[in-house]
Amino acid sequence: MKRVLINSEYATSSQQTGTHEQRSTDDTVASKVSSANNRGGSLAEQIAQQRRDEDFQSEFGLPRDEELLSEIETAVFTAPGTATAFRGRLYLSTSFVCYMSHTQRGCRVTLPLAAIRRIERANAVDPQGLRCYELTITVWHQMNIVFRVPLSSNACNRWCDALRGQLRAMVDEQQRARSQNIPLARYTLKAFCRTCPSEKLLELGVSKFAETESVNCLGNTFGYPGDAHKHKEAAKVKHWFMYLRDSGRNLTVVRRAEFNRLIRVGLPNVLRGEVWEVSSGAMYMRFRNRGVYERYVNEYLDQPGPCADEIEKDLNRSLPEYPGYQSHEGIDALRRVLNAYALRNADLGYCQAMNIVASTMLIFMSEEQVFWTLAVMCDRMVPGYYTPSMYGASLDQAVFVRLVEDTMPMLAQSLRGHDIQLSLACLPWFLTLFVNSMPLVYALRVLDCFFLEGPKVLFQIGLAILKINGGTLMEASDDGTFLFALKEYYATLGESAYPDSKNARARQVTKFHELLYVAYSDFSAITHQRIEELRRSHQLRIVHSVEDFSKRTFLRNVIDASGFTREQLSLLYDRYYSVLFYSRSNRSHAAAIFAALSADQPSPEAASLTETKPDAAEETKPVKDSDIRSMRVSFQQCVIALGRIVNTDMLTRMDVFFDMYSDTNSGSISRQEMFQLSEAILYIGHGEDVETGSRDQRTSSGDMTNEEKLLQSVSDFLRRAVTFGTDTQGEQFALARNLFRVAVLEDEMLEKFFADIVPGSFRFTD
């Protein structure tokens with residue numbers, strides 16, 4: 001007897017497209033069951049669960065807030081439209097049902113819960129005659145997906161219970177939203193699917209589809225790269241039509257081995273953007289966060305971000321040969337996408353080469369699609385590539401060099417013998433994903449494989465290029481001839497690889513076909529696991545190298561060294577950033593102290609201190625009150641401040657102490673501030689011999705210790721200060737700067753303190 005779990009038909013025509021009003025996070029996220037939010041267990045169990053969540057998100061390209069709720073280790077899946085059965089694992093997360101077969105040439109399913117119309121569970125018998133549960137999922141596109149689970153498996157009951165809880169939570173959320181007239185855009189399927197060309201393809205058919213504009217992209221207006229007839233666009237569209245008709249489309253597509261094969265032979269231009277989205281997981285991000293891109297664009301239009309000027313410089317350098325970027329339409333679209341992403345990811349902002357990749361995507365995708373695909377690419381697929389230090393790209397360069405040494409040792413030895421830097425040719429491959437290296441029609445084929453299989457494709461293609469051209473490259477004697485040989489090869493990718501062959505089919509094989517064949521056959525051992533192992537082995541060295549280079553560059557650009565040597569500046573640099581990294585409290589006091597030290601006029605205490613790493617050539621002017629309040633105390637300003645203590649004269653040091661405790665407006669110190677200043681003198685002078693500078697606790701004359709002598713001098717200083725101070729209004733006490741100097745200089749021990757002890761209290765040690 002069938003048991004209907006729940007009807008989750010959410011995509012009704014009454015729903016409106018909009019953005020959820022709750023914006024507690026950067027992107028709109030789906031509701032979660034309370035049990036998922038409040039997981040119990042020990043810390044070790046929670047860490048293990050977090051790792052499982054991260055692996056699950058990475059495997060299926062899901063948003064970062066997805067949590068794995070339940071899984072069935074053994075489930076048999078029958079692919080729609082075929083009689084083929086696959087054995088694998090069935091997963092349930094907070095917003096998705098996922099399936100992964102055990103075999104590599106199997107299939108993969110990723111279904112948003114909002115795209116599920118009906119789920120049924122029934123007792124059945126499998127082809128081997130064994131009793132089992134049969135889970136039938138009917139998706140929004142009227143396609144049935146069937147899973148068979150062993151009857152003895154308790155995991156099936158837990159999985160179904162968790163699914164029921166998630167669906168009920170979604171229904172409750174919708175009911176609350178409807179009662180408050182709040183549109184939940186992330187559950188509206190009709191409006192979202194209209195943005196996917198696969199919907200029009202299956203609705204109109206192949207012949208009528210070719211006559212329509214399927215997606216809002218630059219390619220519809222300015223044309224797609226390459227010759228459509230030469231690259232057999234019509235035949236590719238027909239093959240995809242048959243696959244999508246049988247295996248679902250966009251949010252409900254079942255990715256079988258045929259899906260991967262169709263991508264590798266080349267995507268049709270009209271479907272390229274959608275398949276990129278599905279393969280990378282960007283479609284799920286866009287589905288969950290509708291309206292977010294428009295919000296960032298409006299924010300940029302109201303007030304351009306800090307990266308706007310840098311982005312503007314690179315707009316006209318983005319695929320200038322493409323007609324779309326010779327017009328305002330293409331430039332404006334690229335400007336909006338890059339600025340919106342810079343606002344979303346403020347830590348990364350914008351980096352050169354992002355414009356090249358984004359401009360390529362805009363030919364096939366809408367602005368919102370490019371925005372989310374760029375986010376997935378930078379955050380997950382190639383993390384660290386587009387940071388200021390390009391740490392991720394540098395790490396992968398080291399991995400690539402290691403792979404060249406392992407797979408082509410003779411070529412690696414030849415390059416080392418001629419002092420040829422492999423990174424000169426290879427770094428652009430990774431940063432621009434071959435777009436700036438190959439002709440665009442072939443770089444697009446690389447991008448097809450990249451979004452399908454991840455960054456390992458970049459390594460495989462790069463190694464294949466070097467292997468195919470190994471003989472020519474071994475004859476290169478310098479960097480110039482090395483790059484020229486590669487440039488000549490790129491220009492001939494469309495030519496026949498076997499022009500003299502008597503076989504007509506062999507003559508049709510181009511050099512690009514040969515490149516893909518060598519990449520996938522000769523370097524199939526380059527897996528994600530292998531790359532991750534090499535990354536871990538090179539990580540510490542690359543981190544040290546990047547940090548050391550950043551430090552040397554930074555110190556070279558310090559404008560005012562304030563009398564410090566290079567070695568001392570290096571130690572100050574290490575100490576400065578270690579304090580910013582590890583300190584978590586008392587930053588307001590530290591900010592005020594450095595403000596007073598580096599300013600000509602004293603500054604008030606502030607709220608906190610910045611952890612933002614400043615530019616190397618930051619201004620050398622004194623810290624302003626606004627800088628302190630906004631937590632901006634730079635390394636340059638700290639150098640100036642410490643220089644006023646260590647590398648100046650006695651009177652300047654006295655002024656520093658005075659400024660640290662003086663009120664900003666009056667230019668004098670009050671009675672309470674004078675007592676605080678006196679306490680600072682006693683603290684710094686503790687354990688020091690103010691007369692000889694040694695650490696002996698007793699002098700050769702008298703029975704008074706150094707601390708007792710210093711205490712006597714400070715007491716005398718306070719009496720003189722009280723005498724010199726003036727009562728301006730009743731009991732208001734104020735000691736001016738010049739009178740403060742007089743009160744100090746009348747005592748020989750205090751004079752010695754400011755002349756020797758204060759600068760001597762700063763010791764530079766590694």
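**Note on the helix packing**

1. The crossing of α32 and α33 is right-handed. This is a predicted model. The two helices cover residues 671–684 and residues 706–724. Their axes come within 10 Å and cross at roughly 160 degrees. Angles over 145 degrees count as roughly antiparallel, and α32 and α33 are therefore roughly antiparallel to each other.

2. Which residues of α32 meet α33? On the α32 side they are Arg671, Met674, Phe675, Ser678, Ile681 and Leu682. On the α33 side, the partners are Leu710, Leu711, Val714, Phe717, Leu718, Ala721 and Val722.

3. Helix α25 runs over residues 511–522 and has 12 residues. From first C-alpha to last, α25 reaches 16 Å. That is close to the 16 Å expected at 1.5 Å a residue.

4. Where do the buried residues of α25 lie around its axis? The residues in question are Phe512, Leu515, Leu516, Val518 and Ala519. Viewed down the axis of α25, they fall within an arc of 165 degrees, so they line one face of the helix.

5. That buried set has several helical partners. The buried residues of α25 pack against α9 (257–264) and α20 (440–453). They also pack against α21 (456–468) and α23 (479–491).

6. Thr510 sits in the loop between α24 (504–507) and α25. Is Thr510 buried or exposed? Its relative accessible area is 14%. Buried means under 20%, so Thr510 is buried. Leaving aside residues up to four places away in sequence, Thr510 touches Leu493, Gly494, Glu495, Ser496 and Ala497.

7. Helix α3 takes in residues 154–179, which is 26 residues. At 1.5 Å a residue, α3 should span 38 Å. The end C-alpha atoms of α3 are 38 Å apart, which agrees. After α3 comes Asn181, with a positive phi near 55 degrees.

8. The buried list for α3 is worth checking by name. It includes Trp159, Leu163, Leu167 and Met170. Cys156 and Cys160 are also among the buried residues of α3.

9. Now the whole chain. The secondary structure of the protein chain comes to 35 helices and 12 strands. Of its 766 residues, 52% are buried. Among contacts with a separation of 6 or more, 66% join residues 24 or more positions apart.

Notes
Residues are numbered from 1 along each chain as its sequence is written. This is a predicted model: local features need pLDDT of at least 70, side-chain atom pairs count only at pLDDT 80 or more; totals for chains, interfaces and linings use all residues. Side-chain values use heavy atoms; hydrogens and water are left out. Helices (H or I, at least four residues) and strands (E, at least two) are DSSP runs, numbered from the N terminus. The expected span of a helix is 1.5 Å times one less than its number of residues. Buried means under 20% relative accessible area, exposed over 50%, partly exposed in between (1.4 Å probe, protein chains only). The arc is that of the directions from the helix axis to the C-beta atoms. Contact means heavy atoms within 4.5 Å. Axes are lines fitted to C-alpha atoms, for helices over the stretch in contact, and angles run from 0 to 180 degrees between N-to-C directions. Angles under 35 degrees count as roughly parallel, over 145 as roughly antiparallel, 65 to 115 as roughly perpendicular and the rest as oblique. A crossing is left-handed if the near helix is turned anticlockwise from the far one by less than a right angle, and right-handed if clockwise.
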